[in-house]
Structures are given as structure tokens and as C-alpha cells.
Amino acid sequence: MENADEINHWQETAVNGKHYEWQLSNGHLWLPIDNDHLIETHYCQPGAKGITINFKHMKVFIDFDELLTQNVDLKVQRLSFLPQGQTEDIGWYFRDDQLWREFGSQSSNMQSSSISSGDVERQFTLNPRGSFNFTVGSLSYSLDFSTMTQTNCITGLRRNLRRRPKFTFNAESRSSTSASSSQLTDGGYRWEFMGDEGIWTEYKAHVCSFDSAALEKQYQLNPHGQHPFKIRRFSYTLDFSSMSQVNDTIGTRRAVRRTADSGSQQDSSLGTSPRWQFQDIGGMWKDYSNSKSSISSQDIERQYQQTPSGSMKFTANRFSYELNFSAMTQKNMSTTTTRSVRRLTQ
């Protein structure tokens, strides 16, 4: 029986646009994981095997296929909660010779299967440990949920399967990956998409005929528009409103993010956005940067504007930190080392 605190927590999560929650347990209590939208973004990519996070001063690897951690004392779970009558949009994928392909899309030999992700999910819901057969052209296949494999009934070739939720845009994910359209720059933003193995990859002109600067110009013209482009024989659509990239041929959807390069962000009301710095062990002031930590000056400033006397937590490499705005300090949660922090405005 859920208590009042649990019910209020779930209701608050739903109001904030999240329909999921990632939790870890040491065998006694399930605890929500901070910033779990980062886990969710990786989990929605079929090519991502897992992710390493910092939790309670520990480095924890979450295996997405098994939903297990490498620490035998820690259990992980992903909760999904949607309004009554709604179902989660699930994608089913098989490992082709080159990529993870969604059912219903074209494989590398340009053939499409007779079933879609929705068809597979319906069979899975009926019997999560069962199996069923389907065809692709003149070939027949058997899909086994208990082993998460697909087998060619003639050749015996077996391929792995993955079941992952589709990436869903919400206000939280966009607030951490994009900024106001009033912030004009000269190529001062980096545009990246989530790669097959859960790695953020920047758009490069020699690969897709445009780079971050070109994308930023398109975004400034219409922050809620779309940008079509091609890579080799595939065509894609980049949707600014949902911050996602869709393969128009096979339907694969990837998360996209827009982050400010340190020191380049412009603000229409301030002239230059405030820079946040910490004092290192040698007494030198250094900028917060996305390349070295999970936050940038832009992320810190956004949180500071919401709660100037509050605090925020973040990770850098394998350590967790707490940034205290009232004391203007940064504390290493493992070593308890405290460093000074400052906010520079012009």
C-alpha cells in the first residue's frame, strides 16, 4: 500500500512531465537517483549497453540489458507511471550486421519485416517468456523473449534483441540541453546527438554537410522548426521543438542537445552571461565546463536564478560534488574537500 509521501512524489513527478523514475536499493529501501533523465536518455538508445553513475559516493555501472549493477549489494529498477488508459511507447530492436534496427524498418539488405515494434510489444505483453514466428520476404524467423534473441528458422543464425522505451521530450530534458532563443551567438553553441553507444557526438560538416554554427543559425531563424539533412543514403529530420533527430527511412529517434561553449554565450539582457568558476588546488580560478563535468556555467546560472540561496549537486569524472550558493563553495562529497566558488558578471 502506497503511503501519502509516495503518492505525492509520483504525482509531482507526473506534473513535471516525467513518466519514469530510476531507483537504486541496498536491500532495505528504494532511493530515487538524482538527474535520472541522463540515465533515461541513454537507456532510450538501442545501442547503449549501460551507463556509469555516481551514487552515494560510489561509482555504479547499470547494465541496461539485465537491469543489474556490478555491485551485488545494489539493485536497480526503472518505474513507469502513466495516466490510466495510456501506454508507454516501446521500441523493439534486433542487431543487424551493422546497427541496431527497429522492427518494421529496413535492414541492411533493404528488406522490411512483416511486424512492427507495436506487434512485438503486444506479443510480449501476452507472454513475456514466450516466442512467436514472423516473416521477412521468403524467410521465417522465431523471436524468443526468454533469451531475447531472433533466430532464422532456415539458417539457424541468431541475433540479439533489445526492448527500450522511445525517447520522449519533456521540459526537464530540454531545460538541460537548450537555451532561450534570445541568446544570440556567433557559433557559440555546440550541437550534439546521442550516438549508438550512448555517447554525445557533435555534428561535423565533413559528415553531414553542416556543423554546430550552421545549426545554430537555423535554430535562431525558427526555434520550433525542423532541419532536414542527409548522411550517405539516409535522410534525417532534426526537430528543434522536441530536440530530437529522426531517421526518415528506418524511424530511429535520437536525443539532441544544445550547449553553450564556455565564455561564448551572449545574453540580451546582461550583455555577457555570468561565468561560474571554482578555485583549484593551486589557487587558480577555472571555468566550469561540460567537457570536464556534468554542468556548465549556463547550468549553474539557471539553478542559481531559481534558488539563489540554495544548492545543487553534480558529477565530474568519478566524484560527486555539492555547490552551495549561499556559502559560494563547492564540496567534494567523498573527500569533503571544500573549494571557493565565484560568479563573474560584466
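These are my notebook entries on what I looked up in this structure, which is a predicted model.

**Entry 1**

I began with a sheet of 3 strands. The sheet is open, its order is β2-β1-β6, and the pairing is antiparallel. I then asked which strands stand at the edges. They are β2 (30-32) and β6 (75-80); each has a single partner strand, so one side of each has no neighbour in the sheet. From one strand to the next, the twist averages 35 degrees.

At serine 25, I found lysine 75 of β6 standing opposite.

Next I went to strand β15, residues 226-231, and noted where its side chains point. They alternate along the strand. His227, Phe229 and Ile231 point to one face and are buried.

Which residue of β16 is the bridge partner of histidine 227? I found leucine 238 there. The hairpin has 2 residues between the strands, and in it arginine 232 takes a positive phi near 55 degrees.

**Entry 1: helix α6**

I listed the buried residues of helix α6, which spans residues 212-221: Ser212, Leu215, Glu216 and Tyr219. Viewed down the helix axis, the buried residues of α6 fall within an arc of 100 degrees, so they line one face of the helix. On the face turned away from that buried side, I noted the exposed residues Lys217 and Leu221.

**Entry 2: aromatic rings**

I searched the whole structure for aromatic pairs, and the search gave 19. One aromatic cluster is formed by Trp92, Phe94, Phe103, Phe124, Phe132, Phe134, Tyr141 and Phe145.

I also looked at a charge over a ring. What lies over the face of tyrosine 189? It is arginine 258, at 3.8 Å from the ring centre.

Most residues other than glycine have a negative phi.

Methionine 148 is not a glycine, yet its phi is positive, at about 50 degrees. I placed methionine 148 in the loop between β10 (139-144) and β11 (149-152). Its relative accessible area is 23%, so methionine 148 is partly exposed.

Threonine 336 has a positive phi near 65 degrees, and it too is a residue other than glycine. I found threonine 336 in the loop between β25 (329-332) and β26 (338-344). With a relative accessibility of 49%, threonine 336 counts as partly exposed.

**Entry 3: cysteines**

Last, I looked for disulfides. A disulfide is a covalent bond between the sulfur atoms of two cysteines. How many does the structure hold? The count is 0.

Cysteine 44 has 3% relative accessibility, so it counts as buried. Cysteine 153 has 45% relative accessibility, so it counts as partly exposed.

Methods:
Residues numbered from 1 in each chain as written. Predicted model: local features only at pLDDT ≥ 70, side-chain atom pairs only at ≥ 80, totals over all residues. Heavy atoms only, no water. Disulfide = S-S within 2.5 Å. Buried < 20%, exposed > 50% of the residue type's maximum accessible area, 1.4 Å probe, protein only. Pairing = 2+ DSSP bridges. Helix = DSSP H or I, 4+ residues; strand = E, 2+ residues; numbered from the N terminus. Axes fitted to C-alpha atoms, helices over the stretch in contact; angles between N-to-C directions. Arc of directions from axis to C-beta. Phe/Tyr/Trp six-rings, centres within 6.5 Å; stacked < 30°, edge-to-face > 60°. Lys NZ or Arg CZ within 6 Å of the ring centre and 35° of its normal.
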